[in-house]
Amino acid sequence: MYNMTPVIFDGHRRTMEETLSRRERKKIETRQQLMEVALQLFRDQGYDATTVKQITQAVGVAKGTFFNYFETKEAILPALAEWRLQKLQETLAVEGGAPASPVARIKMALCLVTKESITDPALAQRLFAAMMKQREEERIGPAFVQLLAEQVHQAQEIGEIRAELDPLYLGSLIRALFFQQMLMWHQNYRPAPLQTMIAETVDLLLTGAAGPNWPPMD
């Protein structure tokens, strides 16, 4: 009898661990569903018109469940931005089919971000603001800049971008120009499709605007 006790206890412990694991997985799944449904509703009917009740009803959970994960409706936006950024990082993996050129991946990343709720300027503004929000130490920079800086660094390693440039600084410039293009687009300045504007802006930054007679003579 004594020899059986550790076996029974160990089995009970494993059962408890498995139960906790299932609970944790369920929490992760519920949070994911809330974000997916919220983003879809925001796209379909606008951020302001969407209520927490509509989100939870679509997921099939009680309204209070939403607040187990997010303090307010606004609090879901940083989580959405982080989630979409993670998805973006996965999409940029070369082994997953992304372009071999890091510069091409930079353009791809920016164009993919423009497809997030592009028909709703209010939501786009909120999502982009959440994306820009600092979550790390000031010296490291926002997550979106980090993603761009990593692509810049990889481009430097293969000679697509000058090696002496600071990747984080150049990533910040790319991000700034990107959001400036988004602002112009939402203010109805649309000389070309948005994705074309973004790609041309990246090219202009990375190749420079100097003409054959630069610098000017005194």
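Residues 24 or more positions apart account for 62% of the contacts in the protein chain with a separation of 6 or more, where contact means heavy atoms within 4.5 Å. The structure is a predicted model, in which local features need pLDDT of at least 70 and side-chain atom pairs count only at pLDDT 80 or more, while totals for chains, interfaces and linings use all residues. Residues are numbered from 1 along each chain as its sequence is written, and side-chain values use heavy atoms, with hydrogens and water left out.

**The whole chain**

Display the protein chain as a cartoon. It contains nine helices and zero strands, and from the N terminus on its elements run α-α-α-α-α-α-α-α-α. Helices (H or I, at least four residues) and strands (E, at least two) are DSSP runs, numbered from the N terminus.

Of the 218 residues, 34% count as buried. Buried means under 20% relative accessible area, exposed over 50%, and partly exposed in between (1.4 Å probe, protein chains only).

**Helix H5 and Arg-105**

Select residues 102-114, which form helix H5. This helix has 13 residues and reaches 19 Å from its first C-alpha to its last, close to the 18 Å expected at 1.5 Å a residue; the expected span is 1.5 Å times one less than the number of residues. Among the buried residues of H5 are Pro-102, Val-103, Ile-106, Leu-110 and Val-113.

Now select Arg-105, which also lies in H5.

The side chain of Arg-105 does make a polar contact, at 2.8 Å, with the side chain of Gln-151. A polar contact is a pair of N or O atoms within 3.5 Å; within protein, one must be able to donate a hydrogen and the other to accept it, and residues adjacent in sequence count only if both atoms are side-chain atoms. Not counting residues up to four places away in sequence, Arg-105 touches several residues, including Leu-92, Val-94, Pro-99 and Gln-154.

**Helix H7**

Helix H7 (residues 143-157) has 15 residues and reaches 21 Å from its first C-alpha to its last, close to the 21 Å expected. Just after H7, select Gly-159, which takes a positive phi of about 85°.

**The salt bridges**

Side chains of opposite charge can pair when their charged atoms come close. How many salt bridges are there? The count comes to three.

- Select Asp-203 and Lys-107, whose side chains meet in a salt bridge (2.6 Å, N to O). Asp-203 lies in helix H9 (residues 194-207) and Lys-107 in helix H5, so the pair ties together parts that are 96 residues apart in sequence. Asp-203 is partly exposed at 32% relative accessible area, and Lys-107 is partly exposed at 21%.
- Select Glu-24 and Lys-27, whose closest N and O atoms are 3.8 Å apart. They are three residues apart in helix H1 (residues 4-45), which means that about one helical turn separates them. Glu-24 is partly exposed at 44%, as is Lys-27 at 46%.
- Select Glu-164 and Arg-162, which meet at 2.7 Å, N to O. Glu-164 is exposed at 57% relative accessibility, and Arg-162 is exposed at 53%.

**Two final stops**

Select Arg-126 in helix H6 (residues 121-132). This residue is partly exposed, with a relative accessible area of 29%. Leaving aside neighbours within four places in sequence, Arg-126 is in contact with Tyr-47, Asp-48 and Leu-77. Its C-alpha atom is separated by 9.1 Å from that of Pro-78, 48 residues apart along the chain.

Finally, select Asn-188, in the loop between helix H8 (167-186) and H9. Most residues other than glycine have a negative phi. Asn-188 has a positive phi of about 70° although it is not a glycine, and it is exposed, with a relative accessible area of 59%.

Technical notes: A salt bridge is a side-chain nitrogen of Lys or Arg within 4 Å of a carboxyl oxygen of Asp or Glu.
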